[in-house]
Every structure is written in structure tokens, then in C-alpha cells.
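Please look over the sequence and the model below before reading on.

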Amino acid sequence: MNFQYWNEKIEKMARVDLNALQLQKLKTEIGYALRTSFYKERLIKAGIQSPDDIKTLDDLNKIPFTTKDDLRDGFPYGFLSIPKEEVIRLHASSGTTGIPTTIYFNKDDIKNWADYMARCIYATGSTKEDVFQNMITYGLFTGGLGFHQGGEEVGMLVIPAGAGNTSRQFKMMQDYGTTVLHATPSFLLHLETKMKEAGIARESLHLKRAFAGAEPYSEDTRKRIEALLKVDVYNSYGLSEMNGPGVAFECQCKDGLHIWEDGYIAEIVNPDTLLPVKNGETGELVLTILCREATPILRYRTRDLTSFYTEQCACGRTHRRLKRITGRSDDMLIINGVNVFPSQIEEVIMGMKEVGNNYLIVVEKDGALDKLIVKTEVSEGIFMDDSRSLNAIKERIRETLQASISINPKVELHEKGTLPVSEGKAVRVNDTRPKDV
Ligand code: ADP
Ligand code: ZN
């Protein structure tokens with residue numbers, strides 16, 4: 001394979017040099033943090049009065065973790081390190097569950113972010129020859145503008161398509177000869193259903209690859225999208241607290257996501273003890289940003305579960321790779337005392353050929369007990385009036401799930417294209433149990 005690098009010197013930097021760079025950038029970031037009302041107090045309490053109190057990367061351990069609640073407590077300006085007139089943009093997380101977490105950027109911060117994004121896009125083999133249709137929500141959500149700027153930085157022709165409206169999306173793909181897409185994996189699956197409905201021949205499109213992220217998905221889902229749309233799918237990971245997309249991305253090897261270690265310090269800890277896990281073990285990702293001045297965030301508990309690869313990637317990049325994020329430590333469901341992650345259910349069903357491209361997990365109270373209902377669409381060619389074969393399919397899904405998650409679910413089958421599709425991140429779980437129990 002012919003690998004291309006946006007910034008070869010940095011991407012292939014030897015570990016010792018990368019660590020030295022991290023230390024230097026961490027000190028700078030601590031300087032920024034000491035100018036915020038939130039960290040000033042915290043860092044001084046932890047014995048860090050100036051960047052010079054950080055002597056080695058291990059000194060990171062002196063710094064307490066930052067949580068989403070801290071960010072909310074600091075709303076609106078507790079994490080701002082520069083005068084307001086220097087801020088040129090803000091982004092905020094959806095805020096559907098309370099106070100939005102707000103991140104501010106100065107001019108350099110925006111430039112840095114665009115550069116990390118360009119590095120990700122370029123690592124997938126994309127170039128200025130490509131036409132990039134960004135089919136994700138623009139606005140406060142970071143996925144829209146983040147990819148937009150990165151695509152422009154690479155020099156691609158960027159179409160700010162936004163999310164939803166599949167027939168308009170197809171029209172743009174045809175009119176402008178789109179070669180690269182960005183969307184959530186659930187939207188990419190939905191696109192294929194709509195393509196068939198609209199009678200659009202795949203040959204009339206020029207698609208080569210798709211970036212899929214913002215929500216967890218399994219390897220089987222990637223394979224499905226690749227087979228259905230005939231594109232290479234690359235996993236994209238990021239979160240608004242760390243700018244948004246551009247934190248970690250797959251290279252052409254499509255085997256784990258390189259986390260840009262000159263921009264982020266990544267730790268993986270046991271979510272209960274908060275101690276580092278052994279290299280290669282799964283735990284919660286904790287991130288410190290090294291590439292933003294206006295809103296420094298140190299040791300942020302992402303809640304995302306992953307692990308490091310222990311070997312170096314065949315592409316030659318030295319930045320470590322993260323395993324596909326399987327979910328968040330806070331989205332674990334407890335059903336009649338048994339723990340299950342939605343991603344475990346997805347992994348089982350997306351591997352079954354009878355199952356279509358969309359599913360929904362419902363949890364209900366059934367008397368004193370919890371009931372798990374897995375609703376899935378059936379794949380094409382399975383007819384809803386053939387009750388004998390439907391029952392056999394249901395039974396096979398139920399048995400396979402039970403064997404894998406030790407919970408006996410009720411399985412409901414739905415016709416292709418009939419379960420709800422969200423324009424933003426997919427809503428995969430509907431837990432209707434009373435919250436205070
Ligand atoms: P944004 O997508 O704007 O950065 P949020 O900050 O609201 O949005 O969401 C970030 C969260 O989305 C991450 O913490 C993670 O839980 C999830 N996420 C993003 N990308 C991926 C991915 N590729 N795989 C799994 N989960 C992801
Ligand atoms: Zn690689």
C-alpha cells in the first residue's frame with residue numbers, strides 16, 4: 001500500500017521525541033489552565049503553581065480528573081483562559097440533559113483543529129482531487145464544521161450538505177460527482193435502503209470511501225456499509241470537549257484509530273479504581289488536550305471504553321492506536337441484575353444475515369422484572385407475511401442473543417425501512433423503566 005502523510009515528521013516521530021514534545025506542550029497547556037478560574041484553584045491545591053512544577057509526563061498524575069459535571073459547574077466561562085475578545089467561535093454539546101458544555105476557540109485553536117482533521121482525512125488516502133460530501137449536522141455540533149474545515153485544508157471540494165434528506169443527498173452525489181462521504185454509521189446504513197427505494201444505480205455514483213463516527217458501531221456494521229455502498233469505511237472518533245472529530249482516526253490499514261499524541265495525552269484507566277489498566281486492557285479513556293489555548297481541559301474522563309493496541313501499525317505512524325470504542329461506561333444496562341452493553345447486542349445482530357440495517361433496544365418494567373425487547377428490521381427478500389419463516393428467524397435471533405448476553409430477550413421483527421432513523425446520532429436504546437427505582 002502507498003501510504004501518504006499530512007505531516008510525516010510528526011506522524012512518524014520516534015517515541016522519545018514524541019514524549020518530549022508532549023511534555024513541552026503539557027507545560028504550555030498548564031500555563032493556559034492556570035489562567036482559568038476553574039483550574040487555577042484546582043491546580044494550586046494539587047501543588048502546581050506554575051508550568052515548571054511539571055517536570056516529567058508522570059507529573060500528570062498529580063492533576064485531578066475533570067468530569068462532565070465539572071464542565072457544567074464551570075458554565076459559561078469557568079474554563080476560559082483568554083479575554084473574551086480573543087474568542088472567535090464556540091461549540092457546545094447537545095445539552096439535552098442539562099447545561100450544555102461549551103468550548104471556546106481562538107484563531108490558532110481553529111487552525112490547529114483544521115490541521116488535525118486534515119491529517120485524519122489525508123491518512124485515508126483522500127486528496128485534493130476528491131469531492132467530499134459532509135452529510136452531518138452543522139451548527140453547534142462539532143462534526144459539521146470540524147470535517148468541513150479539515151476537508152478544505154486538504155484542498156478537497158467540500159459540499160456542506162448537512163444531515164438528512166436522502167433524495168437531495170443522492171442528487172448532490174450525482175451532480176457533483178461525490179467521492180467521499182461523512183455521516184453517522186446509522187445514516188450510512190439508512191442511505192442504502194433509500195438508494196434502492198429511489199431506484200438509484202450504484203454505478204451512477206463515484207463513491208470511494210466514507211468516514212463514519214460520532215456513535216459506536218461494530219466491525220460487522222462497517223462490513224455491511226462497505227458491502228452495501230461499495231466504499232471503504234474509516235472510523236472517526238472525537239468529542240466536543242476535545243474539539244470534536246480529529247482526535248483519533250483510522251489510517252488505510254483500517255485496524256484501530258491512531259490517536260494524535262502530539263495533540264492529546266491519552267490514558268486508559270479502570271473506571272472504578274481510576275488506576276491505569278495494563279497496556280492492552282480495556283478501560284475508560286482519559287484525555288488531556290495539548291492543542292488548544294482558549295479552553296484547556298486536563299485529564300478529561302470521556303467515559304468511552306477502549307484499549308490500546310500494543311504493536312505499531314503497518315503504516316509507519318508511531319502514534320498509538322485505539323481499539324474501536326465499544327460504548328460508554330455509563331451506557332451499560334442492568335437487566336434483572338445482568339450487565340449488558342448495547343454494543344454487545346449490536347455485535348450479535350449485525351452479524352446475522354437475516355437482520356436488516358436498523359434496530360432498537362427497548363427496556364421495560366414487566367411487573368417487578370425488567371424486560372428486554374430487541375426490535376430489528378429484516379433484510380431484503382424476507383417477507384412479513386411468511387409467518388413460519390419469521391418465527392424461525394425470531395427464534396434464531398433470540399437464541400443467539402441469549403447465548404451471548406445471558407438475557408432472554410423478546411425479539412420483534414419489522415419490515416425494512418420502518419424503524420425510526422435519527423438525523424443526528426442514532427438513538428439505539430429506549431429505557432422506559434422509572435429512573436428512581
Ligand atoms: P461530537 O460528536 O460533537 O464530538 P459529543 O461530544 O456530543 O459530540 O459526543 C462525543 C461522544 O460520541 C464520544 O465521547 C463517544 O461516546 C461518541 N463517539 C464519537 N465518535 C465515536 C466512534 N467513532 N465510536 C464510538 N463512539 C463515538
Ligand atoms: Zn496506521
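## The ligand and its surroundings

The shell around ligand 1 is made up of six nonpolar, seven polar and five charged residues. The model is a predicted one. Of the 18 residues around ligand 1, those that come nearest are Thr142, Asn235, Ser236, Ser240 and Asp304. Strand S7 (residues 232-239) supplies five residues, the largest share of the shell.

Polar atoms of the protein approach ligand 1 at several places, including those in the table.

| Residue | Part of the residue | Atom of ligand 1 | Distance |
|---|---|---|---|
| Threonine 142 | polar side-chain atom | oxygen | 2.5 Å |
| Lysine 425 | N or O atom in the side chain | oxygen | 2.9 Å |
| Glutamate 215 | polar backbone atom | nitrogen | 3.4 Å |

On its own, ligand 1 has 560 Å² of accessible area, and the protein covers 90% of this.

## Helix H9

Helix H9 spans residues 219-229, and its buried residues are Thr221, Arg222, Arg224, Ile225, Glu226 and Leu229. What do the buried residues of H9 pack against? Their partners are helix H8 (185-197), S7, strand S8 (244-250), helix H10 (342-349) and strand S17 (355-366). Strand S7 is also the strand that gives the largest share of the shell around ligand 1. Just after H9 comes lysine 230, which takes a positive phi of about 55°.

## Aromatic pairs

The whole structure holds 13 aromatic pairs. In one of them, the ring centres of phenylalanine 147 and phenylalanine 211 are 5.9 Å apart and the ring planes meet at 25°, so this pair counts as stacked. Because phenylalanine 147 sits in helix H6 (residues 142-154) and phenylalanine 211 in strand S6 (residues 209-213), the pair ties together parts that are 64 residues apart in sequence. Both phenylalanine 147 and phenylalanine 211 are buried. They also belong to one aromatic cluster, formed by Phe132, Phe147, Phe211, Tyr234 and Phe249.

## Arginine 299

Arginine 299 is found in the loop that runs between strand S11 (283-289) and strand S12 (300-306). Is arginine 299 buried or exposed? Its relative accessible area is 5%, so arginine 299 is buried, the cut-off being under 20%.

The side chain of arginine 299 has a polar contact, at 2.7 Å, with the side chain of glutamate 267. Leaving aside residues up to four places away in sequence, arginine 299 touches Leu60, Asn61, Ile63, Pro64, Phe65, Thr66, Glu267, Val286, Leu287 and Thr288.

Key:
Residues are numbered from 1 along each chain as its sequence is written. Chains are lettered from A and ligands numbered from 1 in the order in which they are written. This is a predicted model: local features need pLDDT of at least 70, side-chain atom pairs count only at pLDDT 80 or more; totals for chains, interfaces and linings use all residues. Side-chain values use heavy atoms; hydrogens and water are left out. A residue is near a molecule or strand if one of its heavy atoms lies within 4 Å of it. A polar contact is a pair of N or O atoms within 3.5 Å; within protein, one must be able to donate a hydrogen and the other to accept it, and residues adjacent in sequence count only if both atoms are side-chain atoms. Accessible areas come from the Shrake-Rupley method with a 1.4 Å probe; for residues, only the protein chains shown count as cover. Helices (H or I, at least four residues) and strands (E, at least two) are DSSP runs, numbered from the N terminus. Ala, Val, Leu, Ile, Met, Phe, Trp, Tyr, Cys and Pro count as nonpolar, Asp, Glu, Lys and Arg as charged, and the others, Gly among them, as polar. Buried means under 20% relative accessible area, exposed over 50%, partly exposed in between (1.4 Å probe, protein chains only). Contact means heavy atoms within 4.5 Å. Rings of Phe, Tyr and Trp (its six-membered ring) pair if their centres lie within 6.5 Å; planes under 30 degrees apart count as stacked, over 60 as edge-to-face and the rest as tilted.
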